[in-house]
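These are my notebook entries on one chain, kept in the order in which I looked things up.

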Amino acid sequence: WGRKIAVVIDTNPQLELGENYEQRMSLIADDVMNLEVLSEELLLRLDILILELCRARGISPEQVYEIVVSGSTGMLHLFLKGAAGLMEQNVSGQSPHFSAKHFDFKSSPHARVNALPVIYAYAGADITAGILATQLHRSSETMLLFDFGTDIKAVLHHKGRIIATSLPGFGVFDGVVITCCMLPETGAIEHVHIDTAVHLKIIGESLP
């Protein structure tokens, strides 16, 4: 396992075109060219994030040779523009990988882009990433992982067996249309501690 050396955070630029996945799919149903628009919006933002990450560590973006992408099944399909046959991964056990040139990445054109495998339609690669990040599958104890978003996902590990399930339709946990606070992006206050003074923990190591 590697170690975390830099973090940058941003919101999904597709929010300006559709607040949720269903709205974005409706746009594509109306005009298939909207798939290109949605994909391009995301790729441009990812290019900026790669540049910011490399700048934070004094690394040339051209030295990035491996990129791993994760997300819900639908969002991953939008990113890959439906090209990967994601649902077949359950049978093959293989994660699709592509050249960065396939996505027209300007920052790291020589990188290989790897997509984490999905579990099934409502438990995508974001849940795969959660399992890997928590090392749930290696635990000697019974563990339960929850993911709250558009869908509520739960993963149970017990005696070497992993079971995943989901309950769709709970967009209230998305935080997309909140009006009295903000999304968990750079500048958001993550934690407040008060003693003789007020101490703030800010996402993205920036001013609040």
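**Entry 1**

I began with S39, which is buried at a relative accessible area of 2%, where buried means under 20% relative accessible area, exposed over 50% and partly exposed in between, with a 1.4 Å probe and protein chains only. S39 is found in helix 2; helices (H or I, at least four residues) and strands (E, at least two) are DSSP runs numbered from the N terminus. Leaving aside neighbours within four places in sequence, I find S39 in contact with Q14, L78, F79 and K81, contact meaning heavy atoms within 4.5 Å.

I note here that this is a predicted model, in which local features need pLDDT of at least 70 and side-chain atom pairs count only at pLDDT 80 or more, while totals for chains, interfaces and linings use all residues. Residues are numbered from 1 along each chain as its sequence is written, and side-chain values use heavy atoms, with hydrogens and water left out.

**Entry 1: helix 2 as a whole**

Which other residues of helix 2 are buried? Besides S39, I listed L35, L38, L42, L43, D47, L49, I50 and C54 as buried residues of this helix. Their cover includes helix 1, strand 1 (66-69) and helix 3 (73-80).

After helix 2 comes G58, which has a positive phi near 65°.

**Entry 2: helix 1 against helix 2**

How do the axes of helix 1 and helix 2 cross? I took axes as lines fitted to C-alpha atoms, for helices over the stretch in contact, with angles running from 0 to 180 degrees between N-to-C directions. On that basis the axes of helix 1 (residues 21-30) and helix 2 (residues 33-57) come within 6 Å and cross at roughly 135°. The two helices, helix 1 and helix 2, are therefore oblique to each other, since angles under 35 degrees count as roughly parallel, over 145 as roughly antiparallel, 65 to 115 as roughly perpendicular and the rest as oblique.

On the helix 1 side I recorded R24, L27 and I28, which meet N34, L35 and L38 of helix 2. The residues of this contact divide into 4 nonpolar, 1 polar and 1 charged, with Ala, Val, Leu, Ile, Met, Phe, Trp, Tyr, Cys and Pro counted as nonpolar, Asp, Glu, Lys and Arg as charged, and the others, Gly among them, as polar.

**Entry 3: V69 in strand 1**

I moved on to V69, placed in strand 1, which counts as buried at 11% relative accessibility. Not counting residues up to four places away in sequence, V69 touches L76, F79, V113, N114, A115 and L116. I also looked up the pair V69 and A129, which lie 60 residues apart in sequence and 9.4 Å apart in space, C-alpha to C-alpha.

Helix 5 is followed by Q135, which has a positive phi of about 60° although it is not a glycine. Q135 lies in the loop between helix 5 (125-134) and strand 4 (143-148) and, at 23% relative accessibility, counts as partly exposed.

E141 belongs to the loop between helix 5 and strand 4 and counts as exposed at 57% relative accessibility. The C-alpha atoms of E141 and H157, 16 residues apart along the chain, are separated by 8.0 Å.

**Entry 4: K159**

What is phi of K159? I read a value near 55°, positive in a residue other than glycine. K159 sits in the loop between strand 5 (152-158) and strand 6 (161-167), and at 76% relative accessibility K159 counts as exposed.

**Entry 5: the whole chain**

Last, I looked at chain totals: the protein chain has 5 helices and 8 strands, following the pattern α-α-β-α-α-β-β-α-β-β-β-β-β along the sequence. Buried residues make up 31% of the 208 residues. Among contacts between residues at least 6 apart in sequence, 48% join residues at least 24 apart.
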